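I opened the model to look up its sheets, its helices and a few single residues. My entries follow in the order I made them.

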Amino acid sequence: MKNGEQFKVVVAGAGVAAVEAMLALRDLAAAEIELELVAPNDELVLPALGVAEPFGIAAPPSMAVADVCDDLNAVHRRDALQSIEPGARTARTESGAELPFDALLVAIGASAEPALPGALTYRGRRDNDEISALLLAAEEGQVRHITFAVPTSIQWPLPIYELSLLTAIELRKRQADTHLALVTHESSPLGLFGTRASRGVGQLLHDAGVELVTQARAAGMQGGGLALHDGRILPTDRVVASPRLTVPEIGGIPQGPDGFIGTDLQMRVEGTPRVYASGDATWFPIKQGGIAAQQADVAASAIAALVKPDVEVERFQPTLRGVLFTGGAPHYLRAEVGGRQATSAESTAALWWPPAKVAGRHLAPYLANRGVDVSLEDLEPLHGESPEEAENDQRAALELALAAADADARWRDYQGALRWLDVAQDLNIGLPTEYAEKRRDWQAASPGD
């Protein structure tokens, strides 16, 4: 790098990890770094909210990648990473362009593929139409038994748990006589969040009427049911399963089984100086937006330290933060990976701030405030209260907002009612299903719409 030149960082990908890393780099070394984003997509979509869409609770927010790049003074190249020359520090794209870099962050994500033969593979928003069709078939009595399955290779099963809980609530509302089950290889439901949180999730499933089958290795649909590797066949009409993930080959980067990229705890790619990776493309088995953001923050600190030696380089010490949509109040789950029971928490009150579905230190406040940097902080206890008091306070605030919305609607002040629903959604992330329906009705009746 010549005198007067900026340190060139190329970021491949435009998902949670890529944007979190760019935000962190701008925070750590704004003046010293030139950013170029290489990604074929024009929109940043948060897939974590996609599961709620068929149930009218929340829609996945999206932002134009161009707007993000404008905010961060970054160049957006609509292309995809194909290979690298580590010695020459150049990256080649699918269009044939050669991009020099001083540091490269690979955050291209992973591709979702079917894991169970005969099952409906739920890969996110793209499969929501099929989920809606399944709900209708159950309502009409064409489907009597639905099984949600977590295949053995899946280490981040939370979306399937959400689907099972939301389906139970929705079909109860539609008065459908449908038996629901959740089959998982885990020894306990969402056990990766620890004993306390797992116990709470198990109670949610029980209360919703979802039969739980643990330590079961699903093989695929067979003979009118879901076949397990131990020879059992569980009767069911339809199976909805998590996908398996793979990463495409990138020339010049060492990759393991299914294409996943090995890194050290500073997210440096093995054997390739000044090349880093974060997100679903990496070796870490839990594929989740919050984990991807944490990896991105670590990689950003290591890159920034190359130009600003006073920057403290972080180490990847993952904390799982998940928000489980239930059809009512969302449940916040938090655990230190590999930690003891004392590090596990579950509550309907927020366990971190801001209480976003994607818990990125920079991304969550950026999406809320368009660039205002508010630190992500774990809250324990929340605002100096006990978790029980905080949970009661948050529930009371939500009930007040919903009651105010109903009161405005009775006076036919639909715009006021909709504003109160915005407040309720901020408190609750997603609205209870009955208020999601009311919002549609009030939007149709509002004179401004």
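**Entry 1: the antiparallel sheet**

I began with Ala-227, which stands opposite Ile-233 in β17. Strand β16 (residues 225-228) and β17 run antiparallel and are joined by 3 bridges. I took strands as DSSP runs of E with at least two residues and helices as runs of H or I with at least four, both numbered from the N terminus. Two strands pair if DSSP finds at least two bridges between them.

Before going on I noted the terms of the model. It is predicted, so local features need pLDDT of at least 70 and side-chain atom pairs pLDDT 80 or more, while totals for chains, interfaces and linings use all residues. Residues are numbered from 1 along each chain as its sequence is written, and side-chain values use heavy atoms, with hydrogens and water left out.

I then traced the sheet around β16: 3 strands form an open sheet in the order β15-β16-β17, with antiparallel pairing. β15 (218-222) and β17 (233-235) are the edges with a single partner strand each, so one side of each has no neighbour in the sheet. From one strand to the next the twist averages 30 degrees. Angles run from 0 to 180 degrees between N-to-C directions, and axes are lines fitted to C-alpha atoms, for helices over the stretch in contact.

**Entry 2: the parallel sheet**

I found another open sheet, of 5 strands in the order β5-β2-β1-β9-β20, with parallel pairing. Its edge strands, β5 (74-77) and β20 (275-277), each pair on one side only. The twist here averages 20 degrees from one strand to the next. Strand β9 (residues 103-106) runs parallel to β20 and is joined to it by 3 bridges. I looked up Leu-105 and found Tyr-276 as its bridge partner in β20. Helix α1 packs on this sheet, touching β1 (7-12), β2 (33-38), β5 and β9, and its direction makes about 170 degrees with that of β2. Contact means heavy atoms within 4.5 Å.

**Entry 3: helix α1**

I checked the span of α1: its 14 residues reach 20 Å from first C-alpha to last, close to the 20 Å expected at 1.5 Å a residue. The expected span is 1.5 Å times one less than the number of residues.

The axes of α1 (residues 16-29) and α6 (residues 289-307) come within 8 Å and cross at roughly 35 degrees. The contact includes Ala-17, Ala-21 and Leu-28 of α1 and Ala-293, Asp-297 and Val-307 of α6.

Helix α10 (residues 433-445) has 13 residues and reaches 19 Å, close to the 18 Å expected. I listed its buried residues as Thr-433, Tyr-435, Ala-436, Arg-439 and Trp-442.

Gln-203 lies in helix α5 (residues 195-208). I put Gln-203 down as partly exposed because its relative accessibility is 42%. Gln-203 is 14 residues from Pro-189 in sequence and 9.8 Å away in space, C-alpha to C-alpha.

**Entry 4: the chain**

Of its 449 residues, 54% are buried.

Terms used:
Buried means under 20% relative accessible area, exposed over 50%, partly exposed in between (1.4 Å probe, protein chains only).
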